[in-house]
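Please keep the sequence and the structure in view while reading.

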Amino acid sequence: MTGTALDALASAGLDHRVIRHGPVRSLAEAAAARGVEIPDVVKTIVVRRGDDDFLFVLVPGDRVISWPKLRALLGVSRLSMPDASEAKAATGYERGTITPYGSLKPWPVIADERLRGREITLGAGEHGVAVAVDADASVAGLSGTFADVTDPEPAR
């Protein structure tokens, strides 16, 4: 599947750097393997608004989706996360590899505003492979929007 994501990035004309790092078991391991800080490991979360209606939310590695903020932004009262098989059917990618690039459908993209002006890393459609991109150029190229849609990761 990596070819699909990387082909989509190339055809979008977006400057990017491919990072092949092998298996990781946590965000901290992913950050170390990618040579970046945890906030720059961006989680691409698939969110369901309704039947066959999804969107991608780009979340910094040290934050989580704020469901009240996201519902208010979208003007809906209910959102959910699809299970792994439904997410794969909607995107073509397995959990842990999901990226908006090369998805089966070009679902809308909302990026947390804290990603503005940063170089971020995203999954590239295959375990152990990521891409580093300029967040502003990436979100613009995906016709996405920036918004305050996250909260700090809760302390464990």
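Does Phe54 count as buried or exposed? The model is a predicted one, in which local features need pLDDT of at least 70 and side-chain atom pairs count only at pLDDT 80 or more, while totals for chains, interfaces and linings use all residues. Residues are numbered from 1 along each chain as its sequence is written, and side-chain values use heavy atoms, with hydrogens and water left out.

Phe54 has 3% relative accessibility and therefore counts as buried, a term that means under 20% relative accessible area, with a 1.4 Å probe and protein chains only. Trp107, at 11%, is likewise classed as buried.

Rings of Phe, Tyr and Trp (its six-membered ring) pair if their centres lie within 6.5 Å; planes under 30 degrees apart count as stacked, over 60 as edge-to-face and the rest as tilted. The ring centres of Phe54 and Trp107 are 5.2 Å apart and their planes stand at 70°, so the pair is edge-to-face. Phe54 belongs to strand S3 (residues 53-59), whereas Trp107 lies in the loop between helix H4 (84-91) and strand S5 (109-112), 53 residues apart. Helices (H or I, at least four residues) and strands (E, at least two) are DSSP runs, numbered from the N terminus.

A nonpolar core is a set of buried Ala, Val, Leu, Ile, Met, Phe, Trp, Tyr and Cys residues joined through side-chain atoms within 4.5 Å. The largest has 29 residues, of which Leu58, Leu115 and Leu122 touch the most other members. Helix H1 (2-12) and S3 are among the elements that each supply at least two residues, and H1 gives the most, with four.

Terms used: Buried means under 20% relative accessible area, exposed over 50%, partly exposed in between (1.4 Å probe, protein chains only).
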